[in-house]
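Let us read a structure together, one feature at a time.

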2 protein chains.
Amino acid sequence: MTATGRTPGRRPGGPDTRGEIVQAARESFADKGFAATSIRAVARQAGVDAALVHHYFDSKDELFIEAMAIPVDPRRIAAQIVDGPRDEIGRRIATVFLGVWESPDGQQRMKALFRSVVTSDEVARMMREGITQMIIQPVAQVLDVPDAQLRVGLVATQLVGTAIVRYLVGLEPIASIDIETLIDRLAPVLQLHLTG
Amino acid sequence: MTATGRTPGRRPGGPDTRGEIVQAARESFADKGFAATSIRAVARQAGVDAALVHHYFDSKDELFIEAMAIPVDPRRIAAQIVDGPRDEIGRRIATVFLGVWESPDGQQRMKALFRSVVTSDEVARMMREGITQMIIQPVAQVLDVPDAQLRVGLVATQLVGTAIVRYLVGLEPIASIDIETLIDRLAPVLQLHLTG
């Protein structure tokens, strides 16, 4: 035992353990990327047992969502998008994506996330890997066409641009148009990207 | 005359005069916005004669382009877009916009500009005003429909998102797809935004 009552090396959960795991995960995602990061490696880096990481986080995905401060679970988003008629997928995507941005808390956190991604190459690398695995690939899979990943990527361009123009740049009339009209305009365009 | 050989207040052009005019313009665009900034006011702030500002810059538009370090003349972009058949305007927009980004110098400068716009509310305010006057309104005018400005705004969302996803985030396959394919994919979507 040290003077602070903590043993060095592996140790049971303390008040800061969860935060230390998240910090270790953030470092691993930054250093090695999403694919090469494992629960086991994060545990080693945090100096705790892998079982303790599993106690706080069910999966690497959850660690990533927490480490990147993503305000919504991308896997839930992906599930909402793919669940329903194929010819309404454009509308579902617009509704789900803008729904996150229209909540005050979601908007604040998404703004911070977008600003980090656009200004930091490291954050951009982490995000594009994680988002590809958690949301782009699952959505591309249900499309079941050869160029599905390109199509979903094009959807991403339309969504990212809408968020930036409306919420970060505030360009009119996009910034203040009611959300129903915006969804009505985006839905056919997203549908064209995906199935046109 | 002062010890440095320069008179205070109004003075003729010196080696740094052009730069000082640009700096004064930047401050005026930031403080008062695009519409309320005039050549006369910029001259006053820079401590030079309005004729000297006109010697370097033909118009307030040119001062703005220089002050914001915009790598292309938005008025030339607007002219290229509106000049041609209406049913090919989507393709012209994609070609002209991505042409700027595909040149190495243009890409570097556009990246810097986009990062400033996304992270600084002040730069965002200046840009949205200037871009609205120099590019969005002229393009909206030739469309000649009631919701033209909304349509051009939607085009902006698609373009901004494409640039960010391809050049700043580097999301695959958008990042490395050949430019002709990307234009082929964007053209019908931009056309739908504008005339659909």
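## Salt bridges and the chain contact

Over all chains, the count comes to 19 salt bridges. This is a predicted model.

Q: How many of the salt bridges run between chain B and chain A?
A: Between chain B and chain A the count is four. One pair to look at is Arg185(A) and Asp147(B), whose side chains meet in a salt bridge at 2.4 Å, N to O. This pair crosses between chains. Arg185(A) sits in helix H10 (residues 179-195) of chain A. Asp147(B) sits in the loop between H8 and H9 of chain B.

Q: Which residue of chain B forms a salt bridge with Asp147(B)?
A: Arg151(B) does, at 3.0 Å from N to O. Apply the cut-off again: Arg151(B) has a relative accessible area of 11%, so Arg151(B) is buried.

Q: Which residue of chain A pairs with Asp121(B)?
A: Look at Arg115(A). Asp121(B) and Arg115(A) form a salt bridge, with the closest N and O atoms 3.3 Å apart.

Q: What does a salt bridge inside one helix look like?
A: Take Asp105(B) and Arg109(B), whose closest N and O atoms are 3.5 Å apart. Both belong to helix H7 of chain B, and because they are four residues apart, about one helical turn separates them. Asp105(B) has 44% relative accessibility, so Asp105(B) counts as partly exposed. Arg109(B), at 36%, also counts as partly exposed.

Q: Which residues of chain A are linked in a network of salt bridges?
A: The network links Asp61(A), Glu62(A), Asp73(A) and Arg75(A).

Q: How is the size of an interface given?
A: Often as the accessible area lost when the parts come together. Here, about 3300 Å² is buried between chain B and chain A. Carbon and sulfur atoms give 72% of that area. In chain B, the residues that lose the most area to chain A are Val118(B), Leu150(B) and Arg185(B). Together they make up 18% of what the chain B side buries.

Q: How many residues take part in the contact?
A: Chain B gives 38 residues, and chain A gives 38 residues.

Q: How many residue pairs are in polar contact between the two chains?
A: The count is 12 residue pairs, with both residues at pLDDT 80 or more.

Q: Which elements of chain B give two or more residues to the side that touches chain A?
A: They are helix H7 (104-119), helix H8 (121-143), helix H9 (148-169) and helix H10 (179-195) of chain B. The largest share comes from H9(B), with 15 residues. By type, the residues on this side of chain B divide into 21 nonpolar, 11 polar and six charged.

Q: What does UniProt list for residues 38-57 of chain A?
A: An unreviewed UniProt entry lists them as "DNA-binding region". In the model, the span is 75% helix and 0% strand. The end C-alpha atoms of the span lie 12 Å apart.

Methods
Residues are numbered from 1 along each chain as its sequence is written. Chains are lettered from A and ligands numbered from 1 in the order in which they are written. This is a predicted model: local features need pLDDT of at least 70, side-chain atom pairs count only at pLDDT 80 or more; totals for chains, interfaces and linings use all residues. Side-chain values use heavy atoms; hydrogens and water are left out. Contact means heavy atoms within 4.5 Å. Buried area is the accessible area (1.4 Å probe) that two parts lose on being put together, summed over both. A polar contact is a pair of N or O atoms within 3.5 Å; within protein, one must be able to donate a hydrogen and the other to accept it, and residues adjacent in sequence count only if both atoms are side-chain atoms. Ala, Val, Leu, Ile, Met, Phe, Trp, Tyr, Cys and Pro count as nonpolar, Asp, Glu, Lys and Arg as charged, and the others, Gly among them, as polar. UniProt positions are given in the numbering used here, feature names are shortened, and annotations may be inferred rather than shown by experiment. Buried means under 20% relative accessible area, exposed over 50%, partly exposed in between (1.4 Å probe, protein chains only).
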